[in-house]
Structures are given as structure tokens and as C-alpha cells.
Amino acid sequence: MSKQHWYHTPTRDEWLERIGTLRTAREGIEMLRNFREQHLGPDRKTYDLKKEANWIESRIEMRVSQLHAEETLSDDDLLHKTIDGRCAREVANSWWEKAAQVDSAIELGQLCVAYRKACKPPMMPINYFAPVEKKLVSKLLKLRAENYLVTPIEELRKARNVTPIHVQ
Amino acid sequence: MAASNLAVKQALKNNPAPSSVDPQEVHKWLQDFTWDFKEKAGKYPTKYDMDVNTREQFKLTAKEYARMESAKEERQFGTLLDGLDRLDAGNKVHPRWGEFMKLVANFLETGEYGALAGSALLWDTAQSPEQRNGYLAQVIDEVRHVNQCASVSYYYSKHYYDPAGFTNMRQLRAINPLYPGVKRAFGEGFLAGDAVESSINLQLVAEACFTNPLIVALTEWAAANGDEITPTVFLSIETDELRHMANGYQTIVSIMNNPDTMKYLQTDLDNAFWTQHKFLTPFVGAALEYGSRFKVEPWAKSWNRWVYEDWAGIWLGRLQQFGLKSPKCLADAKKDAVWAHHDLALLAFALWPLTGIRLELPDRQDMEWFEANYPGWYEHYGKIYEEWRALGFEDPRSGFSGAVWMLQRGHGIFIDHTSSLPFCPTLGKGALKPSFLEKNGKRFAFSEPHGERMWLQEPERYEFQNFFEQFEGWELSDLVKAAGGVRSDGKTLMAQPHLRSTDMWTLDDLKRINFTVPDPMRILNWQPAH
């Protein structure tokens, strides 16, 4: 019988151990930021974690939420402030203001990914995060759709920094 | 009588309570639900502005709806539980067909569930009370359809000679090579991305275009192969589809007042058509022609009539007034309609232990029919099947695997990153034009440029991890066991390469193949293309 198991892998176990060492929300925020930067989104630095990345992210998020809730006494802070204590409305709006200046689909796509990495809960309460993400994505969809079918494939490959390969 | 009761009686006599309400009167009341359109915004992103004054065609109320649907349910379940039971209908189905129904009923159930979520998403996006009423009726329909598809599996599991697979097919979703394609078309296609694009995927393409060939053709093939169960249920489902097609049309009407709409609509139509076609065209064709003993009309002909002529010609013709044209990818889809289901069937035979069903190689009678309707079929596919049969394809002691045979001869199997379906560049005759890309050390395979473009345009939308990436390094029998692909004795496989009750393959027989899952995108010698 294989040592591999359906729901447990050495990679998951290793990350659970690391997550278990987190003692403050601040440590957790740092870990979550780094993890999202390295392992998530189309601009991720590495695909080493393969399918485990989403699972691990969810476990870090759970632990960070727990630490944050334990350290935060006020409901108002939980509902209206980002995890590092800033006004959630102002932070969310500042992303929308940035997006207003952008008219390139590629750049706005990058901004949407950056917004998600920086603000997806528990970094920001969902009541502020989701409406602004909807606005950002609606604008991105509009920018992309106009030239979706006509931009040459070669141009798209270049914009996405991908290399065509073949078997030697 | 107490004084209070007398008072009530007197009050009712003076002001009689209505015993019924005119449904259309109720519908008019819906128009009085005045949402605050300035403040309220839809919940999901979209490029389009949906008109707050949009009308819907059916104007159904819950009362009318319930009366109509309860009559349908009585007929359907009455037939299943009384008439068909007495006729022993479950055991009159040809086993070839019964086996494919394990996939069809399950995949369609998944699709109906996606449709349920998709129409609810549209309810949350539209602003017109009438339009929302139309979507709401569809949500209720889809709940009904999910239950109906599940009841087909349930009925078969009680009455068919081999229930394995009807009882637990979804357990195999992690390893069945077709499931990711189902999730891509019916899951992601129906309920993610732009809400209007979801409507186009679900109502304008899947329902208006593909439910005719999927449900109407399929029930004809079912009846020809002794299956009275599927037509009883699926045709009842189909009676609701017209309402959904009307919803799709109404979605388009609701966005046409905005001049910006035309900048986006053609793109969404092209993408939605390709998304649905990539799964439905090969899968339905393979199910009809390889899952049957008794053949009806060749899939390519049905597809041409219903998809090419009826939908692309007549249905989309109605939308020409808005400037909408047939999708550019239609020509490639037409080529796929002839060959893609044969390509998919070849891969299904090669990967049979992962499918969860019993497959039977085409015999002489099938081969003659295939060759007569798809000239060139025998030279390309028929000879392979004959060789596989001679090498012990059906024999549990042979240690033979079609997948290993292909790999040893340089016929690599890859997974298309956008459609999530397997393809073989060297043996496929469909509209294949493969490309392979690398980014950040990860390699991606695409079977044709339409899918590659979709990924390049929306990379964050296609984060799919394919079978090879997930299970690289697993020994085949361990994988099938872990995924739940064995029967109640713990060793006989759910899937089999024949229909007999003898010589059933077990985990030990699978181990004899000695196959460890490779990831072709990692082990092959990939180099930058010049």
C-alpha cells in the first residue's frame, strides 16, 4: 500500500506544524502575506506546492482570524477596520481610486490580484472587501472583453511572459 | 356556539375570504415590489447594465408553477414506481447503455446543480422584478432537476443488474478523467465570472443549444436500447427547458438598450459556446455511439441539425437584429462533432480503470456501423481496438493497459488546461492544434488555440490542477482503491473492460499492469520552441 494518503500529505503536515507555532496576529499576518506572495495567484513565485497551496492558505487564514479575534475586543474594530487597524472603508476605496487611473487590462488584472492578496479576509472585513472587488473585476471584465478575441496569441504570450515549449 | 365564533362567522359572511386569486393578478403585484435601484447594486460582477424594466415571457406565479409541476411529478414518479417496476424495466436495459447512464445521470445532476446556482446568481444580479421572477422559477426548476437526475441513479441502483457506480459514482470524481471537464463546463461555466456570461453559458448555449441533442437525442437512443427509465425522467426535465431558454433570450434583451453591450457580447457568446462544446460534443457523442448496442442517427448528423442549423442558424438568427453573429469557433466545433467523440472514447478505453463503469470494445457489428457513418474510422480507431482485444484488453490475467500501450508507442496523453479534458495530440482526429507553454517553472498543455487564448486572457480563472499533477507517483491500483473505485468486497473494481459477470478485474489484476502515474509535463524532455 502506498504511503500516500488521500487527505494527509507530508506537505500539509509540515505547514500545520508551522501554523501551530503562530502566537500573535502580527506573526500570522506576516506569514499569510508571504504565503500569498509566494504561492498564490497567476503571478506566484513558485508552483512547488501544487494543489496544496489553497488548502494551506485556508489554514493560515483560519489561525490568523482566530488570533485576531482573540486580540480584538471591539466588534466595531472587527467589522470596520483592517486587520492592522486601518479604516477598512478608506483602504478599500483607495484601491478603487487606483483602479480608476488604469485603462490597461493587463495592469488592472495585476491590480486585482494585488488587491486580493493584500485585502482578502481576514486582512479586511468581507463587507468592505467584496463590494470593491466586484467593482474592480467589473471594470477588468470590460477592459478585457473588447479585444479578447482579436489580440494575436503571440502578443498575449508576450504579455503573460510565457514561453512556448516542445518535446525534444 | 361561542359568541366569538359567531362573530367570526358573521365577519366572513360580510367580507368573504377569497377562495382563489387570479395568478396574473398576483403577477401584477410583483411589479409593486419597488427596489431602490439607485442604492441597490447586483451582488456579482458584470460588464453589462441590466434594464430595470425588462419583462419576462412566462409571468408564472408560484401557485401556477406548483400546480403544473405537481402534475408532471405525479406522471413521472407514477410511471417509474408503478408501471416500470411491473415491467421490470431496470433489467431490460442493454448493459452497454446502462453502464453509460452511470455517467450521464451523474454528470447531468452536477450540471443541474450548477444551473441552480447560476440562475440564483442571475436573480441576484438582475434588477427588474419580472426578470427576477423568471430566474426564480428557474431556480425551482433546477432543484427539481437535481432530484430527478439523482432519482434516475437511485432507480437504476435498485433495479439494474449492476448497481456499482449508480450508488457512488461521484466518489470517483477525483480520478475520473471526465469529471474535471464537467466541473469546467457546468460548474465554472454556469456560475462564475461575469453574471451575464454565466447566463449565456447556461441558458443561451447549454440549454438553448445543447439540451435538444443532449436530452431529446439521448432519450431516443435510450429507448432504442431498452431504457424506458431515462426518457420518463429526462423528457419531463426537457419540458422545463423552454422557460430557461426564454430566460436566456430575456437576459440578452435586458442588456441591449446599452450601446456598450455590443463591445462585449460577441466575446462572451464565443467563449461560452466553446466552453460548453468542448465537453458536451465529445461526451454526448461517445455516450450515444459507444454506449449503445442498437444505433440510431449518427451523432455528427444530430449535431449538425440541432447545433449548427437550428441553434447557430435559426436561434442566433433571432439575435442578428442586435448585431450578434455565429461564434467564430463554430467551424472547429463542426469538425469536432465528427471526430472528437471517437477521440474521447479511445481515451476512455485506455483509461477504463478510472472511469467507474463497464466499457465494451466495439465489435464487428459496431465497427461496420462506425465505418459506414464515419469513413476512415476503422483504419484510425478500429485497428487499435482489434489489437488491444488480441493483446488481452478484457482478460484480467493479461496485465494489459491501453494507456501503457499508447505511452510505449509515443502517443502521450495530456490534459488541456482550459477545458480540463484529456487529449492525445498524435492520435486525435478532432480539431486539435496543441500548444505547450511554460511560466514560472510550470508547464501548461492546450489542445487548441481557443482554450489557450482563454487562459492567456484570464489566467486567474483557470487554476485547475490536473490528474497527472495531483497523482504523480501513485501506483494505479493504490489510486483506484483510495479513490473508492472498488465494489463491496473491497477488491473487485467498479470499472471493468467488459460486460460479463465472470473474469472481473480486481486490484491485484490492476497491480499486474505495474503502472505508476507519470506527469508528462515534468518527465518529458521539454525545450523552448523556436
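Tutor: Helices (H or I, at least four residues) and strands (E, at least two) are DSSP runs, numbered from the N terminus. The model is predicted, so local features need pLDDT of at least 70 and side-chain atom pairs pLDDT 80 or more, while totals for chains, interfaces and linings use all residues, and side-chain values use heavy atoms without hydrogens or water. Residues are numbered from 1 along each chain as its sequence is written, with chains lettered from A and ligands numbered from 1 in the order in which they are written.

Student: Where does B:Asp88 lie?

Tutor: B:Asp88 is in the loop between α3 (62-86) and α4 (95-123) of chain B. Its phi is near 55°, a positive value in a residue other than glycine. Most residues other than glycine have a negative phi, and most peptide bonds are trans.

Student: Which residues does a cis peptide bond join in chain A?

Tutor: A:Pro121 and A:Pro122, with omega at about 15°. A:Pro122 belongs to the loop between α6 (105-119) and α7 (126-146) of chain A.

Student: How many helices and strands does chain A have?

Tutor: Chain A has 8 helices and 1 strand, in the order α-α-α-α-α-α-α-α-β from the N terminus. Along the principal axes, its C-alpha atoms fill a box of roughly 55 × 50 × 20 Å.

Student: At what angle do α2 and α3 of chain A cross?

Tutor: Roughly 160°, and the axes of α2(A) (residues 25-39) and α3(A) (residues 52-71) come within 9 Å. Axes are lines fitted to C-alpha atoms, for helices over the stretch in contact, and angles run from 0 to 180 degrees between N-to-C directions. The two helices are therefore roughly antiparallel (under 35 degrees is roughly parallel, over 145 roughly antiparallel, 65 to 115 roughly perpendicular, the rest oblique). The crossing is left-handed, that is, the near helix is turned anticlockwise from the far one by less than a right angle, clockwise being right-handed.

Student: Which residues meet there?

Tutor: Among them are A:Leu32, A:Phe35 and A:Arg36 from α2(A), and A:Ile56, A:Ile60 and A:Glu61 from α3(A); contact means heavy atoms within 4.5 Å. The residues of this contact divide into 10 nonpolar, 3 polar and 4 charged. Here Ala, Val, Leu, Ile, Met, Phe, Trp, Tyr, Cys and Pro count as nonpolar, Asp, Glu, Lys and Arg as charged, and the others, Gly among them, as polar.

Student: And in chain B, which way does α9 pass α10, left-handed or right-handed?

Tutor: Right-handed. The axes of α9(B) (residues 261-290) and α10(B) (residues 299-318) come within 10 Å and cross at roughly 155°, which makes the helices roughly antiparallel. Their contact includes B:Phe273 and B:Leu280 of α9(B) and B:Trp303 and B:Trp311 of α10(B), and its residues divide into 10 nonpolar, 3 polar and 1 charged.

Student: How much area do the two chains bury between them?

Tutor: About 4,600 Å², 60% of it on carbon and sulfur atoms; buried area is the accessible area (1.4 Å probe) that two parts lose on being put together, summed over both. The contact takes 39 residues from chain A and 53 residues from chain B.

Student: How many salt bridges cross that interface?

Tutor: There are 4, a salt bridge being a side-chain nitrogen of Lys or Arg within 4 Å of a carboxyl oxygen of Asp or Glu. B:Glu452 and A:Arg157 form a salt bridge at 2.6 Å, N to O. Over all chains, the search finds 60.

Student: What does A:Arg33 pair with?

Tutor: A:Asp84, with the closest N and O atoms 3.7 Å apart. The pair links distant parts of the chain, 51 residues apart: A:Arg33 is in helix α2, and A:Asp84 is in the loop between α4 (75-80) and α5 (88-100) of chain A.
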